[in-house]
Every structure is written in structure tokens, then in C-alpha cells.
Amino acid sequence: MKLDARCGASQNDFDNCVLRCMSETCYDSVYGADALEEGEVDVVRGRTFRSCARNELRNLKVAENQRSKEDARRSAEAM
């Protein structure tokens, strides 16, 4: 795999960069104070991050659905 220079030279830097890109809020919450080190596998923090990211995505989808419903209601009222 070719590593992106923006994310660092090592696989570890790249992995941390990808996690941060997926959800900066969750990354800061789970790994911010203690980023993964070279070769480290932290199953507990990995699960915590995935759960946080899923919840964040779910909340974004709910908010988008609510906006869509409100927009549709406003359009119907305007007619």
C-alpha cells in the first residue's frame, strides 16, 4: 500500500491519520491523549472508536432526515 505523504511516512502515522479523518471528534476522545504506537493493537479502544463513529454517523443521518422532513413540510405549507 502506498502511504499518503500528508499522513506521515510510517504505517502507524497513516493508520492514525485515517482514524482522525473518519471522525476527528471520536479520534480525539479515544486516542487524542495517547495515539497508537508502532505495532500497537488496542482492541478496547478500537471498539470504543468504532462505536463512537457509528453513533456520530447515526446522529448525522437522523439530523439530515429531520431537515428533509422540515423542508418538505415547509414546501407543502407554501403551496
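Predicted model: local features only at pLDDT ≥ 70, side-chain atom pairs only at ≥ 80, totals over all residues.
Are Tyr31 and Phe49 buried or exposed? Both are buried, where buried means under 20% relative accessible area, exposed over 50% and partly exposed in between, using a 1.4 Å probe and protein chains only. Residues are numbered from 1 along each chain as its sequence is written, and side-chain values use heavy atoms, with hydrogens and water left out.

**View 1. Tyr27, Tyr31 and Phe49 form one aromatic cluster.** Searching the whole structure gives 2 aromatic pairs. Rings of Phe, Tyr and Trp (its six-membered ring) pair if their centres lie within 6.5 Å; planes under 30 degrees apart count as stacked, over 60 as edge-to-face and the rest as tilted. Tyr27 and Tyr31 are a tilted pair, because their ring centres are 5.5 Å apart and their planes meet at 35°. Tyr27 has a relative accessible area of 3%, so Tyr27 is buried. Tyr31 is also tilted against Phe49, with 6.0 Å from centre to centre and 45° between the planes. This second pair links distant parts of the chain, 18 residues apart: Tyr31 lies in the loop between helix H2 (24-30) and helix H3 (43-78), and Phe49 in helix H3. Helices (H or I, at least four residues) and strands (E, at least two) are DSSP runs, numbered from the N terminus.

**View 2. Arg20 places its charged end over the ring of Tyr27.** The distance to the ring centre is 4.5 Å. A charge sits over a ring if NZ of Lys or CZ of Arg is within 6 Å of the ring centre and within 35 degrees of the ring normal.

**View 3. Helix H1 packs its buried residues against H2 and H3.** Look for Asn12, Phe14, Asn16, Cys17 and Leu19, which are buried in H1.

**View 4. The largest nonpolar core has 8 residues.** They are Leu19, Cys26, Tyr27, Val30, Tyr31, Leu36, Phe49 and Ala53. A nonpolar core is a set of buried Ala, Val, Leu, Ile, Met, Phe, Trp, Tyr and Cys residues joined through side-chain atoms within 4.5 Å. H2 and H3 are the elements that give two or more residues to this core, and H2 has the largest share, 3 residues.

Definitions and conventions. Contact = heavy atoms within 4.5 Å.
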